[in-house]
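Welcome! Please take a look at the sequence and the structure below, and then work through the exercises one by one.

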Amino acid sequence: MKVLIGCDVEPANPEVLGRRPERDAWLVLRKVDELLDAAGASLPVMTWLIQSDASVGFATGDFASGYLSRQGLWEDLRRKGHELGWHMH
């Protein structure tokens with residue numbers, strides 16, 4: 001049996017976006033670093049679905065900012081067999 005483990009990767013934005021937040025919405029990606037440090041080699045291969053939609057574009061100025069802000073992290077995971085995808089709302 002094959003099992004797929006998917007992880008939705010979403011920015012930390014306010015519930016209602018009336019204007020672009022002042023803080024970096026992708027600081028939450030530090031949690032991925034913490035997960036990698038804690039799990040080490042035991043982390044199973046996962047599918048990381050990085051949010052890319054109108055709310056991300058509005059909040060950060062770029063629909064792909066979740067990927068671009070930590071491109072090295074994502075490419076390192078990809079080289080280790082993980083999959084990357086877009087998460088749209």
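**Exercise 1.** Which residues does tryptophan 48 touch, not counting residues up to four places away in sequence?

*Solution.* Keep in mind that this is a predicted model. Start at tryptophan 48 and look for its contacts, leaving out residues up to four places away in sequence: they are Cys7, Val9, Val32, Leu35, Trp74, Leu77, His82, Glu83, Leu84 and Gly85. Next, check the accessibility of tryptophan 48: its relative accessible area is 1%. Buried means under 20%, so tryptophan 48 is buried.

**Exercise 2.** Find out how many aromatic pairs the whole structure holds, and describe what you find.

*Solution.* A search of the whole structure gives one aromatic pair. Its partners are tryptophan 48 and tryptophan 74. A pair of aromatic rings is described by the distance of the centres and the angle of the planes. Here the centres lie 5.9 Å apart and the planes make 55 degrees, and the pair is tilted. Now place the two partners: tryptophan 48 is in strand 2 and tryptophan 74 is in helix 4, so the pair ties together parts that are 26 residues apart in sequence. Tryptophan 74 has a relative accessibility of 0% and counts as buried.

**Exercise 3.** Work out which residues of helix 4 are buried, and what covers them.

*Solution.* Helix 4 runs over residues 71-79, and its buried residues are Leu73, Trp74, Glu75 and Leu77. The cover over these buried residues includes strand 1 (6-9), helix 1 (30-39), strand 2 (47-51), helix 3 (65-68) and strand 3 (83-87). Just after helix 4 comes glycine 81, with a positive phi of about 100 degrees.

**Exercise 4.** Which members of the largest nonpolar core touch the most other members?

*Solution.* The largest nonpolar core has 14 residues, and those touching the most other members are Val9, Trp26, Leu29, Trp48, Ile50 and Trp74. Then ask where the core residues come from: helix 1, strand 2 and helix 4 each supply at least two. Helix 4 gives the most, with three residues.

Note on methods
Residues numbered from 1 in each chain as written. Predicted model: local features only at pLDDT ≥ 70, side-chain atom pairs only at ≥ 80, totals over all residues. Heavy atoms only, no water. Buried < 20%, exposed > 50% of the residue type's maximum accessible area, 1.4 Å probe, protein only. Helix = DSSP H or I, 4+ residues; strand = E, 2+ residues; numbered from the N terminus. Contact = heavy atoms within 4.5 Å. Phe/Tyr/Trp six-rings, centres within 6.5 Å; stacked < 30°, edge-to-face > 60°. Core = buried A, V, L, I, M, F, W, Y, C linked by side-chain atoms within 4.5 Å.
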